[in-house]
Amino acid sequence: MVSQPSRRAVRGAFVATAAVVAAALPTTPATAQPSPSDALKKYNELSEQASKLNQDHLKAQGDLAAKQAELDKAKADLANAQKAEDSLRGQVDVLTESTFQGARFNQISALLVSDSQQDFLNRMSAINILATDNAEALKGLTDAVNAADAATKTANEATEASKKLLGEIEQKKADLDKQLADAQAQYRSLSQSVRNQLAQNGDMSNISVPAGTAGKALEFALAQRGKPYVYGSNGPDSWDCSSLIQAAYRYAGVSIGRTSYAQAAVGRPVSRSEVKAGDIIVYYSSQSHVAMAVDGIRAVHASTEGVPVRIADIDSIGPISTIRRIEG
């Protein structure tokens, strides 16, 4: 029979051994769930990154269109230069052939075969005309050949640049698709109450706008409230940030660029304290988001997926990069 002290010793040894074993085993902590505010912050960060990639993709498409127009012009210039070259080469060939057939005479031969002084002057005039025509034709041919060479070089360079831009567009589209997938996954992780809050249209009240171009642009932008945000969309049923601003000013009769990058350079800059209705407000150091001022406090903008076009406090949208005024 084991004594009480012996039982206590055995129990103590067992407890100590269990503690040592437990300390040696790997632990698996419970996965910490992000707070609603952290999840929303992450979603906003991913959305801002996707917005920048969207603007990059749009800019690359615009660059490609411009390069394609340059290529088309180079091809037309090349065709015209080759046509001129062929025409002038024929003219030079005719004049050269005439020379070999004796149609051109030097001054001595003209004098020897002339019947009279007037005949000599006529022959000399013909010789000078032929010489002038030939010189002009040769110069024209030289210019046409040079123009054709230059057009060929331009066309080749534009072709290579277009191929490079196509590759960049494909890469930017792949980057955008991945970023969108990440942002959408993060959006799905948000609670239903947060998503409902994001989906609210906000202030839909009637807002008076000033007269003039800026007021007309603002009128259009305000009329889009409640419509969804879609990356790369050009309206009229959905928008991204820069397409909304472009369409608003197009409605007011002013043509501006498609991207937030282009819109960050239009008009003239104004300070934050000078902001008034219709001003274009560009956000972030990357200039990847844009809104339109409703007044000195509020702006209307197409924010991100899951959030409709709506009014927000100017300073709550993000860090301001530049403010541009189209009119005045």
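Analyst: **A strand and its neighbours**

In β3, His289, Ala291 and Ala293 point one way while Val290 and Met292 point the other way, and all are buried. Buried here means under 20% relative accessible area, exposed means over 50%, and partly exposed lies in between, using a 1.4 Å probe and protein chains only. Helices (H or I, at least four residues) and strands (E, at least two) are DSSP runs, numbered from the N terminus. Please keep in mind that this is a predicted model, in which local features need pLDDT of at least 70 and side-chain atom pairs count only at pLDDT 80 or more, whereas totals for chains, interfaces and linings use all residues. Residues are numbered from 1 along each chain as its sequence is written, and side-chain values use heavy atoms, with hydrogens and water left out.

Because 5 of the 5 residues of β3 are buried, the strand is largely enclosed by the rest of the structure. On one side of the story is β2 (residues 280–283), which pairs with β3 in the antiparallel sense over 4 bridges; pairing requires that DSSP finds at least two bridges between the strands. Ile280 has Met292 of β3 as its bridge partner. The hairpin of β2 and β3 has 5 residues between the strands, and there Tyr284 takes a positive phi near 70 degrees.

β4 comes next: 2 bridges join this strand to β3, and the two run antiparallel. Met292 turns up again here, standing opposite Val300 in β4. A hairpin of 4 residues makes the link from β3 to β4.

The buried residues of α6 include Ala217, Phe220 and Leu222, and their cover includes α7, β3 (289–293), β4 (298–301) and β5 (310–313).

Of these, α7 (residues 241–251) packs against α6 (residues 213–223) at about 130 degrees, with the axes 7 Å apart. That makes α6 oblique to α7, as angles under 35 degrees count as roughly parallel, over 145 as roughly antiparallel, 65 to 115 as roughly perpendicular and the rest as oblique. Axes are lines fitted to C-alpha atoms, for helices over the stretch in contact, and angles run from 0 to 180 degrees between N-to-C directions.

Lys216 belongs to α6 and is partly exposed, with a relative accessible area of 35%. Leaving aside residues up to four places away in sequence, Lys216 touches Pro210, Tyr251 and Ala252, where contact means heavy atoms within 4.5 Å. Lys216 and Tyr251 are 35 residues apart in sequence and 7.3 Å apart in space, C-alpha to C-alpha.
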